[in-house]
Amino acid sequence: MADDKKLTTRKADFSAWYNEVVLRAELADYSPVRGCMVIRPDGYGIWERMQRTLDDMFKATGHRNAYFPLLIPQSFLSKEAEHVEGFAPELAVVTHGGGKELEEPLVIRPTSETIIYAMFAKWVQSYRDLPLLINQWANVVRWEMRTRLFLRTLEFLWQEGHTAHATHDEAEEETRRMVGIYRDFMEGYMAMPVITGQKTNSERFAGALRTYSCEAQMQDNKALQAGTSHNLGQNFSKVFELKFQTEAGDEAFAWNTSWGVSTRLIGGLVMTHGDDKGLRVPPLLAPIEIVIVPIWRTDEDKARVFESAKKLKTSLGEWERREPNRLRVHLDTRDNMKPGAKYYDWELRGVPLRLELGPRDVDANQCVLVRRDTGAKQTVSLDTVGEDAEVLLEKIQDDMLTAARDRREANSIRGDITWARFTEVMEGEGAFVYAGWCGSEECERQIKEATKATIRVLPDEEFRSSEPATKCLKCGNPSTVEALWAKAY
RNA sequence: CGGGGCGUAGCGUAGCCUGGUAUCGCGCCUGCUUUGGGAGCAGGAGGUCACCGGUUCAAAUCCGGUCGCCCCGACCA
């Protein structure tokens, strides 16, 4: 780095840029164990806001939290054939406990379907016990070969929802409902637009009937699978004997769903909104929404600027918002840094709104508000700064979503596309390509082999092209469904 | 697991080829002056040179081995 104050630019090296932002904004740090990470307070603060919001959304749709154990008997994993096949390569297995070799090894959960449905089987007897709507916040372990901060680590934090229903249709409805909730969260809070749709069989969750996904486009035009929701059918209920007596008195297997999002979302946030100055956090998820930077020249100035700044922090902190939350304000009192250095520091950390207050401002009963997303400055009266800040924060939130959506659309290609053009795009800048697909796994496989692009989803109706491609991207046969192709994280 | 790179102060590094007890920058501490876009000066603290073994009067440096981490590929939320 020629100038170690500056970040590597996104254009020069996107993945170096990403690592630098995560480390320097103090979201996370490497741990002594390969592939594991420490989530630092600034990163965890974002996660806590995500958790709180999602948790409220889950509760509002009737789900309740519970906690299931970290350790699962190995035999449980083996019961569902596809499931064990899918997860076997990445399991961490505990073979010893209390100084002795265990009779049956225990796996550290890579996901909790098996233990949860085994328990559900004990709890459900009658259709009156359904639906059973459970969520848990937990850590899971998957022994990945290649790891990246937040995006892929050996251990990560997530929530996994698990439900049991009396009918297929109810389970399907639940599966779709949760995709909708995820989408609302990602767009409404993260300002990260997503394409929703169904996964092809090759990308389906191990053991599911169908998998739906929310796919976001990162600034390098690669797709990030941001959340998934699975209709598990009766695959797990059959092997764990999750049965119930129907209203008519028959015995039936329950229908299950599971759905999850993880700390990977934080990586998505960085790669959606970050710029060459650092992180940009959407206001609704920002642990600090407004940072006050006081400016002074003399001791006398310092005293009255600080006094004014403290009052401002208090009054903003008590400002009523549309939600029961208050404005989250931080006053930067560090006296060993010049204001300019503080600006760079808070820009790196992504605080959405900066409030500059100097002697001249105090005299004039005003302050300067600076948007992190656009850099735009405006001078406002101290009498109205609460309203002004609130309006600006809402605007920033909206504008960030719009900007991200515009960028995604500018990097999307629709309609029939030649194979030559497709490979050129995937080898170059990349894009979301809505192309025709004949439905054969062979074409899907060949395209992946040739270009590393995969079908991210078969998009839901509202995302499909008004004039979709007519021919399969690979074989040229008539297209049976429109598919969204992209390289993925 | 293949390919590449790197381990020297909290961080980033020079020194290694050609052996002689470690350089510089940032950060940190103290003081003074500063503060509206990355402050200046002066003084100061901070090191098992990743680890183990070997060669040598002498090893960060040469030789052998081990470990770890990062990056790029095959698998993945």
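Val291, Trp346, Glu347, Val351, Arg354, Val370, Arg371 and Arg372 line the largest cavity, which holds about 60 Å³ of space. A cavity here is a set of points, on a 1 Å grid over the protein atoms alone, where a 1.4 Å probe fits but cannot get out, and lining residues have an atom within 4 Å of a point. Helix H10 (339–349) and strand S18 (366–371) each give two or more residues to that lining. By class, the lining has 4 nonpolar, no polar and 4 charged residues. (Ala, Val, Leu, Ile, Met, Phe, Trp, Tyr, Cys and Pro count as nonpolar, Asp, Glu, Lys and Arg as charged, and the others, Gly among them, as polar.) In total, the structure holds 3 cavities of 30 Å³ or more; a volume is the space filled by probe spheres set on the grid points, which are joined across faces, edges and corners.

A quick word on ground rules: this is a predicted model, where local features need pLDDT of at least 70 and side-chain atom pairs count only at pLDDT 80 or more, while totals for chains, interfaces and linings use all residues. Residues are numbered from 1 along each chain as its sequence is written, chains are lettered from A and ligands numbered from 1 in the order in which they are written, and side-chain values use heavy atoms, with hydrogens and water left out.

Zooming out, chain A splits into domain 1 (14–273), domain 2 (288–392) and domain 3 (412–486), with bounds that come from an automatic or database domain assignment. The C-alpha centres of domain 2 and domain 3 are 48 Å apart.

Now for the largest pocket, with about 1,400 Å³ of space. A pocket is an open set of points with protein on both sides within 12 Å along at least five of seven lines. Its lining runs to 48 residues, and Glu90, Arg142, Glu203, Gln225 and Arg264 lie nearest the centre. Helix H4 (81–87), strands S8 (155–165), S11 (223–233) and S14 (255–262), helix H14 (441–451) and strand S22 (454–459) each supply two or more lining residues. (Helices, H or I with at least four residues, and strands, E with at least two, are DSSP runs numbered from the N terminus.) Domain 1 and domain 3 each contribute at least three residues to this lining, which divides into 15 nonpolar, 15 polar and 18 charged.

H14 turns up again in helix packing: helix H13 (residues 419–427) packs against H14 at about 50°, with their axes 10 Å apart. Axes are lines fitted to C-alpha atoms, for helices over the stretch in contact, and angles run from 0 to 180 degrees between N-to-C directions. H13 and H14 are therefore oblique to each other, since angles under 35 degrees count as roughly parallel, over 145 as roughly antiparallel, 65 to 115 as roughly perpendicular and the rest as oblique. Trp419, Phe422, Thr423 and Met426 of H13 meet Ile447, Ala450 and Thr451 of H14, contact meaning heavy atoms within 4.5 Å.

Elsewhere, the axes of helix H2 (residues 41–60) and helix H8 (residues 264–273) come within 10 Å and cross at roughly 110°, which makes H2 roughly perpendicular to H8. Gly43, Ile46, Trp47 and Met50 of H2 touch Leu265, Ile266 and Leu269 of H8.

Most residues other than glycine have a negative phi, and most peptide bonds are trans. The bond from leucine 130 to proline 131 is cis, with omega near -5°, and phenylalanine 150 has a positive phi of about 65°.
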